[in-house]
Amino acid sequence: MMPADDRRWEILEKVGAYAAGELEVGEAREVERLMYERLDYRRLAESYTRMLVMLDALGKEPVEVPSAAVDHAARRAYVSAFMRNAETFVTALGRSYLDAFVYYLGLRRESYGGI
């Protein structure tokens, strides 16, 4: 015997496949019988059908991205690139100052500018 959770998933899949018209005649009749016997299965089939109709309608609509969203994404990309470059610059500058300080203290003469 199949566990209750597995049986529920099987029913969900069958009702979804029925609503999408993907079942063979025999399987479709079985799902129709289940929907006739149980109101919650009928409601589930109606929900699947509404969802499929909405997805079909959405698939036919052209997608237009608002210019504000495009501008926001571009600004974020610019800021991100600037921050990466600033981090590289500050890191290199800090390293140079540290090398100069080490050289000034006389701890390592050969590392600063080849002197």
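**Exercise 1.** In this predicted model, find which residue forms a salt bridge with Lys60, and state how far apart the closest N and O atoms are.

*Solution.* 
Step 1. The partner of Lys60 is Asp56, and the closest N and O atoms of the pair are 3.2 Å apart.
Step 2. A salt bridge requires the nitrogen and the carboxyl oxygen to lie within 4 Å, and the pair of Lys60 and Asp56 at 3.2 Å is counted as one.
Step 3. Both residues belong to helix 3, where they are 4 residues apart, so about one helical turn separates them.
Step 4. An α-helix has 3.6 residues a turn, so residues three or four places apart point the same way.
Step 5. Lys60 counts as exposed at 62% relative accessibility, while Asp56, at 44%, counts as partly exposed.

**Exercise 2.** Trace the network of salt bridges that includes Arg7.

*Solution.* 
Step 1. The members of the network are Arg7, Glu10, Lys14 and Glu30.
Step 2. Within helix 1, Glu10 and Arg7 are 3 residues apart, about one helical turn. Their side chains meet in a salt bridge of 3.7 Å, N to O.
Step 3. Lys14 pairs with Glu30, with 3.3 Å between the closest N and O atoms. This pair links distant parts of the chain, since Lys14 is in helix 1 and Glu30 is in helix 2, 16 residues apart.
Step 4. Now compare accessibility with the cut-off for buried, under 20%. Lys14 has 18% and therefore counts as buried. Glu30 is partly exposed at 28%, and Arg7 is partly exposed at 34%.
Step 5. The whole structure holds 7 salt bridges.

**Exercise 3.** Determine which residues of helix 2 are buried and where they sit around the axis.

*Solution.* 
Step 1. Helix 2 has 13 residues and spans 18 Å from first C-alpha to last, close to the 18 Å expected at 1.5 Å a residue.
Step 2. Its buried residues are Ala28, Val31, Leu34 and Met35. They cover an arc of only 120 degrees around the axis, so they lie on the same side of helix 2.
Step 3. Val25, Gly26, Tyr36 and Glu37 are exposed on the other side.

**Exercise 4.** List the residues of the largest nonpolar core and say which helix gives the most to it.

*Solution.* 
Step 1. The core has 7 residues: Ile11, Val15, Val31, Leu34, Met35, Tyr41 and Ala45.
Step 2. Helix 2 gives the most, with 3 residues.

Technical notes. Residues are numbered from 1 along each chain as its sequence is written. This is a predicted model: local features need pLDDT of at least 70, side-chain atom pairs count only at pLDDT 80 or more; totals for chains, interfaces and linings use all residues. Side-chain values use heavy atoms; hydrogens and water are left out. A nonpolar core is a set of buried Ala, Val, Leu, Ile, Met, Phe, Trp, Tyr and Cys residues joined through side-chain atoms within 4.5 Å. Buried means under 20% relative accessible area, exposed over 50%, partly exposed in between (1.4 Å probe, protein chains only). Helices (H or I, at least four residues) and strands (E, at least two) are DSSP runs, numbered from the N terminus. The expected span of a helix is 1.5 Å times one less than its number of residues. The arc is that of the directions from the helix axis to the C-beta atoms.
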